[in-house]
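Student: I would like to take a close look at one part of this model and then see how the rest is built. Please keep the answer plain.

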Amino acid sequence: MTPVSLIDRLKGHELVERAGYVRRVTAGHIEATGPSCTVGDLCEVDCGPPGNSGPARKIFAEVAAVEVDRVVLVPLDTVEAVHPDARVLVRPQGAFGLTGPAFAGRAVDALARPIDGGGVIAGALPAPLMGEVLAPMQRAEPSAILATGVRVIDALMPIGRGQRIGVFAASGVGKTSFIRQIAAQSDCDRIILCLVGERGREVESLWREISARSDAYRFSCVAATSDVSAALRARAVYQALCLAEMSRNDGEHVLLIIDSVTRYAMALREIGLAAGAPPTLRAYTPNVFAALPRIVERCGGRRAGGSVTAIMTILAETDEVEDPIAEVMKSLLDGHIILSRTLAEQGHFPAVDAVRSISRQADSLMSAEHARSARSVLNSLAVFEESRVMIESGVYRAGSKPVLDEAIAARASILAFLKQPRDEASPLEASLWQLGQLALKGRRP
């Protein structure tokens with residue numbers, strides 16, 4: 001062995017144990033004297049009173065802040081058994097996620113541990129948890145439609161491969177069923193589902209449904225349920241992004257669904273407040289607004305091949321879709337799909353408000369005939385909405401406005417086209433043909 005090769009091997013090993021000691025424990029965070037580490041590292045904290053004989057149970061904690069004389073840790077587990085003076089050790093490769101082909105067809109937690117009962121995932125490879133954002137000139141503009149099998153999307157607001165789009169909805173309007181339908185029907189090589197702060201029942205139900213499919217190998221799921229710590233909920237998004245980036249680098253077209261970005265932001269807020277960051281609008285800390293652009297920019301198409309198409313759900317506090325996270329995400333994403341409570345209450349599924357929704361890549365994805373037909377149908381819906389109050393109150397008289405008369409006459413056919421059962425997939429060609437027939441009917445004298 002040459003001196004150079006020996007030095008290289010030594011660089012890859014921890015020759016000194018990096019340790020610190022707990023000096024303060026609260027319900028949300030732990031303060032320690034060390035170890036030497038950086039934000040995002042994982043540490044192991046001993047449980048039980050110091051000096052106990054026998055092997056000590058350990059919990060994981062993520063580094064949220066590093067100062068000259070203290071380290072702030074956000075535990076990934078409960079902290080009841082952590083005592084002052086407990087030893088804290090930095091975990092090697094703590095700021096790394098795990099990737100690899102073996103994650104195909106598997107469901108894992110935020111630490112890439114299996115939750116599907118399928119045993120240990122063999123051959124997992126470390127990858128930087130925070131990933132690498134593609135440089136602007138490495139990106140590829142979406143040039144092909146990602147067929148979702150949902151008529152209202154494919155016909156009126158098509159999504160391109162590599163596009164980032166948001167689904168904005170208040171609670172109880174069919175958001176979960178909508179993204180399940182998209183995941184089940186989309187035409188792509190790999191589908192990564194990231195469930196943040198979701199109910200355990202929903203995670204089990206979704207994965208049971210996926211496992212029964214003949215193409216279950218296309219799916220991977222990363223889940224952090226609502227009962228786990230804020231650090232795990234935030235980490236689930238990064239682990240899912242690591243899996244998506246791996247497949248994109250292999251030249252695959254990936255669909256990444258994050259449900260939801262709002263719960264991810266709430267987890268970051270908890271971490272930021274524990275680290276002592278100042279609260280801003282709606283108590284969101286600055287780290288939230290710094291992290292959101294990065295997770296969006298980690299997605300997209302690559303000139304060298306492969307793409308990550310991202311569909312991110314945003315839980316609006318009200319039906320008007322006006323809160324800080326919704327506003328920020330609307331400015332960062334390449335389009336937004338608004339779900340309407342009014343449509344949902346009328347039994348209209350999917351409850352997409354086509355007039356208020358938009359895909360910023362649609363014009364470059366649609367042919368001239370497709371664009372003309374889409375504009376015709378959207379214009380008809382918009383004209384009706386402008387005069388809805390007059391029509392429903394009986395004030396409007398037929399013949400007063402020919403354009404409105406045409407919109408009223410076409411409305412039933414358009415709504416029938418936009419409705420679609422949860423278990424029905426509409427091929428892209430069929431959706432476009434039906435759209436063309438609707439538009440042609442509207443143009444007839």
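Student: Which residue in strand 5 does Ala65 stand opposite?

Tutor: Ala65 stands opposite Val72 in strand 5. This is a predicted model, where local features need pLDDT of at least 70 and side-chain atom pairs count only at pLDDT 80 or more, while totals for chains, interfaces and linings use all residues. Residues are numbered from 1 along each chain as its sequence is written, and side-chain values use heavy atoms, with hydrogens and water left out.

Strand 4 (residues 58–66) and strand 5 (residues 71–75) run antiparallel and are joined by 5 bridges. Strands (E, at least two residues) and helices (H or I, at least four) are DSSP runs numbered from the N terminus. Two strands pair if DSSP finds at least two bridges between them. Strands of a sheet pair through backbone hydrogen bonds, either parallel or antiparallel.

Strand 17 (residues 335–338) has pairings of both kinds. Strand 11 (residues 164–169) runs parallel to strand 17, with 3 bridges, and Gly166 has His336 as its bridge partner there. Strand 18 (residues 358–359) pairs with strand 17 in the antiparallel sense over 2 bridges, and Gly335 stands opposite Ser359. Gly335 and Ile337 point one way from strand 17, His336 and Ile338 the other way, and all are buried. Buried means under 20% relative accessible area, exposed over 50%, and partly exposed in between (1.4 Å probe, protein chains only).

Next come the cores. A nonpolar core is a set of buried Ala, Val, Leu, Ile, Met, Phe, Trp, Tyr and Cys residues joined through side-chain atoms within 4.5 Å. The largest one has 58 residues, and Tyr264, Met312 and Met329 have the most contacts inside it. Helix 5 (residues 230–249) gives the most to this core, with 12 residues. A second, separate core has 47 residues, including Ile311, Ala362, Val377 and Leu418. Not counting residues up to four places away in sequence, Tyr264 touches Val196, Ala234, Val237, Tyr238, Ala291, Leu292 and Ile295, where contact means heavy atoms within 4.5 Å.
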